[in-house]
Amino acid sequence: MNDTIDVVINGERKQTTPGATLLELLAELELDPRTVVVEHNRRIVRRPALGDVTVTAGDAIELVHFVGGG
Amino acid sequence: MSTAVEMLRDTPLAIGGHTFQSRLMVGTGKYPDMETMARAIEASGAEVVTVAVRRVNLDRSKESSVLHFLDPKRFFLLANTAGCYTAADAVRYARLAREAGFNDFVKLEVIGDEETLLPDVQGLLEAAKILVQEGSKVLAYTNEDLVTALRLEDAGCAAVMPLASPIGSGLGLLNPFSVRTIKRRLHVPVIVDAGVGTASDACLTMEQGVDGILMNTAIAAAQDPVAMAQAMRLATIAGRAAFLAGRMPRREVAMPSSPTGGMLD
């Protein structure tokens, strides 16, 4: 049993704890779940469900927010 | 200060069930710094402010969310799908934006050409149909083609946004005739988006009778963005006022303003 698993967050390979939820992942990254939108393997995960979805090795996670634009 | 509406006895701009006092909408990109952006937006008097959807910077030392500088309770955040080249990408970005939870509006862009950033109208229509079906209020950035504008209205778009000239070009309103035609034929609001360079461009655009105007670079890339934002606020009001006033007919020959009678022998 490995201590960590590899996931891809915003195109970068990152390590996290097996069985971690998306909410825990955001906490690890010091991100406020109220300020980001999470896409997990191309599916949007709504804020109330972030604590219910666990990540597995190889998952692709996108964390987006609003930036300046026209 | 009285609002534009009080001054003009104008009706407020209504889009997708929301009403706005200001007919000027502004972007938040390309400012020298976020403080200047916030001050310029304040000076513009705009209520609708566009934002883009991008990855969070995982390096927390570079905080980049625009919401640190703009109060989402004061401004109506209009997310765009800038940078998307396919209908599928635009739909993906629009869904992410909607999930941010501020409103169900999206400024839909599907770009078809990298050099001109002109829209891919086929992809635009395709994405618009999907997003309208999902309940989004779609404001579609398009070219100044009447038929495309009509199709976008038929698809259920809440507003159609023909360009004045290419994004970031500052070339001003290149085709007033087409923009007027679109305004005349559509029932949904027509907001001219992109290409304005300076205040006279904004004024001339509003004089065509369109419902509003959206700009970013003209303010952000001015030497003094805050002063230009103020100029754009006034130009938008002036152009709208002139449209409502109804301009005099053009004549190819002069007509004296002073009486021709009563002259001395």
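**Entry 1: the pairing between the chains**

I looked up His65(A) and found that this residue stands opposite Arg54(B) in E4(B). The model is a predicted one, in which local features need pLDDT of at least 70, side-chain atom pairs count only at pLDDT 80 or more, and totals for chains, interfaces and linings use all residues. Residues are numbered from 1 along each chain as its sequence is written, while chains are lettered from A and ligands numbered from 1 in the order in which they are written.

I then noted that Val64(A) has Arg55(B) as its bridge partner in E4(B). E5(A) and strand E4 of chain B, residues 48-55, run antiparallel and are joined by five bridges. Two strands are said to pair if DSSP finds at least two bridges between them. The strands themselves (E, at least two residues) and the helices (H or I, at least four) are DSSP runs, numbered from the N terminus.

**Entry 2: the contact between chain A and chain B**

How many residues of chain A are in contact with chain B? I recorded 21 residues of chain A in contact with 29 residues of chain B, where contact requires C-beta atoms, placed from the backbone, to lie within 7 Å. On the chain A side, strand E3 (37-40) and strand E5 (60-68) each supply at least two residues. E5(A) gives the most, with seven residues.

**Entry 3: strand E4 of chain B**

I next asked whether E4(B) is enclosed or open. Seven of its eight residues are buried, so E4(B) is largely enclosed by the rest of the structure. A residue is buried if 20 or more other C-beta atoms lie within 10 Å of its own, exposed if 12 or fewer, and partly exposed in between, with C-beta atoms placed from the backbone. Within chain B, E4(B) also pairs with strand E5 (residues 76-80), in the parallel sense and over four bridges. There, I found Leu78(B) in E5(B) as the bridge partner of Thr50(B).

**Entry 4: chain A as a whole**

I listed one helix and five strands in chain A, in the order β-β-α-β-β-β along the sequence. The radius of gyration of chain A is 12 Å, close to the 11 Å that the globule rule gives for 70 residues, so chain A is as compact as a globular protein of that length. That radius is taken over C-alpha atoms, and the rule is 2.2 Å times the number of residues to the power 0.38. The C-alpha trace of chain A spans about 50 × 25 × 20 Å along its principal axes. Of its 70 residues, 29% count as buried.

**Entry 5: chain B as a whole**

I counted nine helices and ten strands in chain B. Buried residues make up 47% of the 265 residues. Among contacts in chain B between residues at least 6 apart in sequence, 61% join residues at least 24 apart.

I also checked the confidence scores. Chain B averages a pLDDT of 94, and 95% of the residues score at least 70; pLDDT is the predictor's confidence in each residue, from 0 to 100. The model scores ipTM 0.93 and pTM 0.91.

**Entry 6: the nonpolar core**

Which residues have the most contacts inside the largest nonpolar core? I found Leu108(B), Ala128(B), Leu139(B), Ala140(B) and Met232(B), in a core of 94 residues. Helix H3 of chain B, residues 87-99, contributes the largest share of this core, seven residues. Such a core is a set of buried Ala, Val, Leu, Ile, Met, Phe, Trp, Tyr and Cys residues joined through C-beta atoms within 7 Å. I noted that the residues touched by Met232(B), not counting those up to four places away in sequence, include Leu24(B), Met215(B) and Ile219(B).

I located Ala40(B) in helix H2 (residues 34-44) of chain B. Ala40(B) is buried, with 25 other C-beta atoms within 10 Å. Ile219(B) is among the residues that Ala40(B) touches, again not counting residues up to four places away in sequence.

Finally, I read helix H5 of chain B, residues 146-154, where the buried residues are Thr148(B), Ala149(B), Arg151(B), Leu152(B) and Glu153(B). Their cover includes helix H4 (121-133), strand E7 (137-142), strand E8 (159-162) and helix H6 (176-185) of chain B. After H5(B) comes Gly156(B), with a positive phi near 100 degrees.

How values were computed:
Two residues are in contact if their C-beta atoms, placed from the backbone, lie within 7 Å.
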